[in-house]
Structure formats: C-alpha cells, structure tokens
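Hi there,

Here is the structure I promised to pass on to you. Please open it next to this email and follow along.

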Amino acid sequence: MNVRTRFAPSPTGYLHVGGARTALFNWLFARKYGGEFVLRIEDTDEARNTDEARQAIFEGMQWLGLDWDEGPEEGGNFGPYYQSQRREIYDTWFAKLVATGHVYEDAGAWRFRFERKPVTMHDLVCGEVTIDYRDESNTPDMVIKRSDGSYVFHFVNVVDDLEMQITHVIRGEDHLMNTPKHLQLIEAFGGKAPQYAHIPLILNPDGSKMSKRDAGAAVGDYPRQGFLSESVVNFIALLGWNSKTEQEIFNLTELTQIFSLENINRSPGRFDLEKCKWVNQQHLHEVALDDFATAARPFVEAANLPISDNYLAAIAAVKDKVRLFSEVPNAVNFLLKDNFDFDEQALEKVRGNSASKNLLSSLQSAFASITAWSAEAAKAALNEAALVAGAKPGQWMFPLRVALTGRAHGPDLGEVMILLGRDRCVTRISQLAEKI
C-alpha cells in the first residue's frame, strides 16, 4: 500500500499535545507501511505567525523523535512546504475552477458553487457521514478567495493535499464536518480524494476541552519538567488509541508495529498528567544508571546541590523512587548535603513519641562505638541497643529515618547509612535529638 501522510500545523503558538498526537498518528501510520511522512507549515496568517512558534514545532517534533521525510529543512519533490510560498500554485488551481464555472464573484470575494446533493464520506474512524447540500440555507456556497485576494483554509488545504499526493489525512475530529466541503472541491478539480481518518478530541479529566492554558498542553514543557521523550510519545499514543492488549508501556518501534487506525477510539481521550508521570516512571526504570545520572545532573545542579564523589551512589539509591528527573533534587538532597529541611509532619510524629529522645540518644552512642562501619554493623548495633533499652528494633526505624533523611519515606535505610558514613549518621541523630 502506497502511503503518504502529512502534519500541517500553523506556527501561531507552541506545539500543543493534541497537535503532537496528530503528528504521531500520521508518523506511525506512514512508518508502519513504509510510506512518507510530510511536514507542511500552514503559515498564511501573517498577523499571528511567529518564528518562535515555527521553531517550537520543529524542536518539539524532533524531541519526540518524529522525523519527517519531506518538508522544511528536508526538502522534497512537492515543495515549497510553507503555504506562504505557494501562491502561484494556488492561483493556477483557482484558475481551473474559474474556467470550469465552479466559482463566482460575490462582493469582491469568490465563492465555490456547491453541487446541491447529499455528500457521503467514508471515514476510517468515524464511519459513514453524510451532509445534505440540497438545503442552501444550511450549506451556503463557501468563500474560497477573500476580497483581499487571499485564499481560505479549505481551498489551500485541498490543493496542497492533491499536489503533494497525500493518500491518508489523519486529523482531529473538529475537522470532520469540513471534509464533505473538501470532497466537493476535489470532485470539481477532477482529483482523487485521500482517505480520511478523524481522531477524537483530547479532554481534561473533568470532561472539558483541553485548552492551551491547561497543564500538560505544551510539548515544550515536558523536557523542562524532566520527562523522557519516549514516555511522552507512549502516553499521547494512548490518548484515543488502544492496543487491545494489557500492555501499556511501548517504545516507538513497538508502537509502529502494532498501530492501526481500526484501534482508534470513537470517544475522546482523557488527559491525565498523573498517568503521564506514571508512564514516565516505567520508562525511567529501563534507563541505565549512568545515563540516568547524566540526564538528572542538570536538574541537580540547577537546585544548587553539590555533585560529590557519591553522586552516582546517591542516584542509584533513589532511581526507582522518582517519576521525573525534576524530582531527583528533592530525592537526593539529604544525601548530597547536610543542611536540609525536615518534613514537619514527620518531625511532629517523632516528637509525639515520648520515648524518641531516649531512643535516639541510645542509638547515637551505639553507632559512635562502631569501629568498622557497615550496614550490617549498624543494624547489629541497633538491635543490641533495642535489647538494652527493652524496646523492639522496629521502634527505632521511624525516628532513625527522620534523623538521617528529614522525611518519613525514602530509600532503604541500609543504603542511606552506607552513603552517609558513621560520623554523618551520628551527627544527624544528635541534631534530631536536640530538635525534639
């Protein structure tokens, strides 16, 4: 099957997650069938287009791994790939409509003369959709060329798809009702229509339409928050598409192999940022420790934490606990520096136990007496101190964790004690005893 798909964004703002999903579905479909994926920039709105927005589109797609076979920076046989540079092409196609009587002038603008008949489209996702053009009051002839000489979206969109020999148009469901108009234009040109697949909208968890201001909307925010590109691709693929298996974690290669238009849902996708973070965590588990530490380092340095000799060991202790690279600084701060904040709830819980101070003092003495420091030696000292105090070893764990980490949860205490060493452990136990 010969496949040519396209993504045609307008450079009027950042790359939206909905646009990224459209690009992804087109990319996956083209790659699955060994076809071509075209990037076309719809930049005819000079008042709203910006260089920054255009660059954000390129950078967002490159970060996601969605390379294009034809388009800006790549070239191709069907360029230019900016609509603003295609005026002569549009003029030529418009002249065809004039010559065949399919358009007429109206107050300086030009309208396309709809054929007054029902138009049925066969959508690969939505099924059969019919628009009845016999009632002119509901379907007035559409303007395709404005009085200022500029062409409207419907006209240039159809011309570009025909010129670039696009075989499959995969786009948002909000364009569904435009397609019968496009089919009439294609018929007037005597062209062959591409196959259409309209994918469901993306909604917020509360069911409202996702706007540009909602959390998670801008693709450019994801790398700054510490997401992996492959996890974002994985997540947005699941917004309106289902593998029909129990598997949820995929890489791009796996997605390409199993993606199909048949498995796109009819119902809208629900965006859930917490689910996206969970997906990211699953991908982080598969990242090698050295690569993880390298990727996390800019976030750690931005938090003004020292990169010490035990940095790699500190990262290893928290690697499976974090969901994002941006969470790493908070996860390792107590391992990289001694001056850290205590979680107030954890501190109050220690204070609420009247025996905590005596427990900590006993533990401080027991740890200080250890000559060959190891996790095993520390645990043996803890058990012995508990026996002398007539307490259970478990009673020591919470105040000890708070003393060493400042919080109620975290890495294995044995790992923490080895990373800190005896003297730092003794000092921190002493400091908590003074606080309570």
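Helices are DSSP runs of H or I with at least four residues, and they are numbered from the N terminus. Ala302 has its place in helix H10 (residues 289-302). Ala302 is exposed, at 62% relative accessible area (exposed means over 50%, buried under 20%, partly exposed in between, with a 1.4 Å probe and protein chains only).

A word on the source: this is a predicted model, where local features need pLDDT of at least 70 and side-chain atom pairs count only at pLDDT 80 or more, while totals for chains, interfaces and linings use all residues. Residues are numbered from 1 along each chain as its sequence is written, and side-chain values use heavy atoms, leaving out hydrogens and water.

Now to the rings. The structure holds 20 aromatic pairs (ring centres of Phe, Tyr or Trp, the last by its six-membered ring, within 6.5 Å; planes under 30 degrees apart are stacked, over 60 edge-to-face, the rest tilted). One of them is the tilted pair of Phe58 and Trp68, with 5.8 Å between centres and 35° between planes. Phe58 is buried at 3% relative accessibility, and Trp68 is buried at 6%. Phe94 and Phe155 make an edge-to-face pair, 6.5 Å centre to centre with 80° between the planes. This pair joins helix H3, which holds Phe94, to helix H4 (residues 153-163), which holds Phe155, across 61 residues. Phe94 and Phe155 also belong to one aromatic cluster, whose members include Tyr90, Trp93 and Trp110.

Enjoy exploring!

Conventions: Helices (H or I, at least four residues) and strands (E, at least two) are DSSP runs, numbered from the N terminus.
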